[in-house]
Amino acid sequence: EGGTQDIYVQIVADSGAAEVNDGSSTYGGFTNPSNNVPDGTHDIGSWSTPTSDSQRPAWWVYTNLLDGWNYLANANPSYVMPQQKASWKLNHDAAFGFLDGAGTHYHPGGDIHLDGRTGLGPGGGHANAPDVILHEYGHAVMYRVYSNYIPPAPSCSPHWITDQSSTGCAWIEGWANYFP
C-alpha cells in the first residue's frame, strides 16, 4: 500500500552445514514486518528463538549440528562436511514413520533421527542433549569420510558403553562417542 515496501525476514534452521525438520517441514519463523520502508538501508527488527516448546528445541539441535560442522571446518579446512539433516519433533519418538520403534539414530546417507519424548530429557528429549546430537553427527561424519559406507559392526544392536562388543561395533560407536 502507498508504494512503499513492507519487509520481513524468514529465518530457517537450514544452511549449507545443517537442516532441522519435523519429519516433513524445516523449522523456521519470521520477523515482524517493518512497514512503509523507504529505499536504502533500514532496521528490519529482530527475531529470537521461539519460546514454544514445539520449536525452541529444534534450534538447539541446529546449533549443535553447526558446532559439529564448525569443529570439522576449523580442524581441517580442506575438508568440507556436506549438509546434515536432522529430524526432531516434540513428543514423538525418533521413528518418524521410518523405522518401527527405533530410538535416536543416524540413518546412513540420510537424516539423524532424534527422540523428542520429554521423558528422555527436559525440553524435548534428545534435543536437549548436545552429546547425543553430536554422537549421531559423528556417525554421519564417519559415513561421509568412508565414502558413503559404514564399516561392518556385527552384534552391535543393542550396544552399551559398558559392554564388550565386536571390533567393528567398538570402532563405529567409539568414534561417535569420541566426536562430542
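## The overall layout

How many helices and strands does the protein chain have? The protein chain has 3 helices and 8 strands. Here helices (H or I, at least four residues) and strands (E, at least two) are DSSP runs, numbered from the N terminus. Read along the sequence, the elements follow the pattern β-β-β-β-β-α-β-β-β-α-α.

Before going further, a word on how to read this model. The model is predicted, so local features need pLDDT of at least 70 and side-chain atom pairs count only at pLDDT 80 or more, while totals for chains, interfaces and linings use all residues. Residues are numbered from 1 along each chain as its sequence is written, and side-chain values use heavy atoms, with hydrogens and water left out.

## Inside and outside

Of the 180 residues of the protein chain, 38% count as buried. Buried means under 20% relative accessible area, exposed means over 50%, and partly exposed is in between (1.4 Å probe, protein chains only). The accessible surface of the protein chain comes to about 10,100 Å², and 52% of that belongs to carbon and sulfur atoms. Such areas come from the Shrake-Rupley method with a 1.4 Å probe; for residues, only the protein chains shown count as cover.

Contacts tell us about the fold too. A contact means heavy atoms within 4.5 Å. Among the contacts in the protein chain with a separation of 6 or more, 61% are accounted for by residues 24 or more positions apart.

## The nonpolar core

In soluble globular proteins, nonpolar side chains tend to be buried together. A nonpolar core is a set of buried Ala, Val, Leu, Ile, Met, Phe, Trp, Tyr and Cys residues joined through side-chain atoms within 4.5 Å. The largest one here has 25 residues, and those with the most contacts inside it are Val20, Tyr27, Val61, Leu65, Trp88, Ile112 and Tyr137. The elements that give two or more residues to this core are β3 (18-21), α1 and α2.

Let us look at Val61. Leaving aside its neighbours within four places in sequence, Val61 touches Val20, Ala86, Leu114, Ala127 and Ile133. Is Asn64 buried or exposed? Asn64 counts as buried, because its relative accessibility is 11%. With neighbours within four places in sequence set aside, the contacts of Asn64 are Pro130, Ile133 and Leu134.

## A salt bridge between strands

Side chains of opposite charge can pair when their charged atoms come close. A salt bridge is a side-chain nitrogen of Lys or Arg within 4 Å of a carboxyl oxygen of Asp or Glu. A search of the whole structure finds 1 salt bridge. Glu19 forms a salt bridge with Lys85, and the closest N and O atoms are 3.6 Å apart. Because Glu19 lies in strand β3 and Lys85 in strand β6 (residues 84-87), the pair ties together parts that are 66 residues apart in sequence. Glu19 counts as buried at 6% relative accessibility, whereas Lys85 is partly exposed at 36%.

## The disulfide and its surroundings

A disulfide is a pair of cysteine sulfur atoms within 2.5 Å, and the structure holds 1 disulfide. Which residues does it join? Cys156 is joined to Cys169, with an S to S distance of 2.1 Å. The link of Cys156 and Cys169 is right-handed, with 65° about the S-S bond. The pair links distant parts of the chain, 13 residues apart: Cys156 is in the loop between α2 and α3, and Cys169 is in helix α3. Cys156 is buried at 11% relative accessible area, and Cys169 is buried at 2%.

Helix α3 also contains Gly168, which is buried with a relative accessible area of 16%. Leaving aside neighbours within four places in sequence, Gly168 is in contact with Pro152 and Ala153.

Val145, Tyr146, Tyr149 and Trp171 form a nonpolar patch on the surface, with about 410 Å² of accessible area together. Patches are made of residues with over 30% relative accessible area and no salt bridge: like charges are joined within 9 Å, nonpolar side chains (Val, Leu, Ile, Met, Phe, Trp, Tyr) within 5 Å. Tyr149 is found in the loop between α2 (130-145) and α3 (167-178), and is partly exposed at 41% relative accessible area.

Most residues other than glycine have a negative phi, and most peptide bonds are trans. Ser147, in the loop between α2 and α3, has a positive phi near 55°. Ser147 is exposed, with a relative accessible area of 62%. Asn91, in the loop between β6 and β7 (105-106), has a positive phi near 65°.
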